[in-house]
Amino acid sequence: LSAEIDAAANQLATRLAQGEVKEYSRIVQEVYLPCLEEEKAIAIASLDPADPQYEGQKTAIETMQAKKRNAALDELQAVADRWNQERKAYTDAQKK
């Protein structure tokens with residue numbers, strides 16, 4: 001009975017962790033990335049198009065926002081990769 005309880009608890013913990021990874025992914029994609037886009041739009045809108053440095057400033061803003069976006073996506077991928085590695089290790093251990 002103890003082994004069955006342990007197996008059920010491990011399965012529940014795995015499902016909870018998977019849910020947390022999915023929720024993190026959803027938040028990054030549906031909240032954080034759109035927020036970055038809005039931040040970029042506001043920053044560009046605040047520039048003076050008549051300024052001779054406008055294009056350089058706009059490019060700098062776009063570059064910085066792209067770096068933030070890529071960093072968020074890289075972190076999301078790293079979380080997903082870690083989760084997949086842990087799940088595989090758990091699954092492999094259960095087969096033994």
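How many helices and strands are there in the chain? There are 2 helices and 0 strands, where helices (H or I, at least four residues) and strands (E, at least two) are DSSP runs numbered from the N terminus.

## Basis of the model

This is a predicted model, in which local features need pLDDT of at least 70 and side-chain atom pairs count only at pLDDT 80 or more, while totals for chains, interfaces and linings use all residues. Residues are numbered from 1 along each chain as its sequence is written, and side-chain values use heavy atoms, with hydrogens and water left out.

## Overall shape

Along the principal axes, the C-alpha atoms fill a box of roughly 75 × 20 × 10 Å.

Of the 96 residues, 15% count as buried; buried means under 20% relative accessible area, exposed over 50%, and partly exposed in between (1.4 Å probe, protein chains only). The accessible surface of the chain comes to about 7300 Å², of which 56% belongs to carbon and sulfur atoms. Accessible areas come from the Shrake-Rupley method with a 1.4 Å probe, and for residues only the protein chains shown count as cover.

Helix α1 covers residues 2-45; at 1.5 Å a residue, its 44 residues should span 64 Å, and the end C-alpha atoms are 63 Å apart, which agrees. The expected span is 1.5 Å times one less than the number of residues. Helix α1 also has a kink of about 35 degrees, centred on V28, the bend at a residue being the angle between axes fitted to the seven residues ending there and the seven starting there.

For α2, the 42 residues should span 62 Å at 1.5 Å a residue, and the end C-alpha atoms are 61 Å apart, which agrees.

## Packing between the helices

The buried residues of α1 are V21, S25, V28, L33, L36 and I44, and they pack against α2 (54-95). In α2, the buried residues are Y54, I61, Q65, A72, L76, V79 and W83, and these pack against α1. Contact means heavy atoms within 4.5 Å. Of the contacts in the chain with a separation of 6 or more, 65% are between residues 24 or more positions apart.

The largest nonpolar core has 5 residues: V28, L33, L36, A72 and L76. Both α1 and α2 give two or more residues to this core, and the largest share, 3 residues, comes from α1. A nonpolar core is a set of buried Ala, Val, Leu, Ile, Met, Phe, Trp, Tyr and Cys residues joined through side-chain atoms within 4.5 Å.

Not counting residues up to four places away in sequence, L76 touches Y24, S25, V28 and Q29. Q65 lies in helix α2 and is buried, with a relative accessible area of 9%.

I44 lies in helix α1 and counts as buried at 16% relative accessibility. Leaving aside neighbours within four places in sequence, I44 is in contact with Y54, K58, I61 and E62. I44 and E55 are 11 residues apart in sequence and 9.9 Å apart in space, C-alpha to C-alpha.
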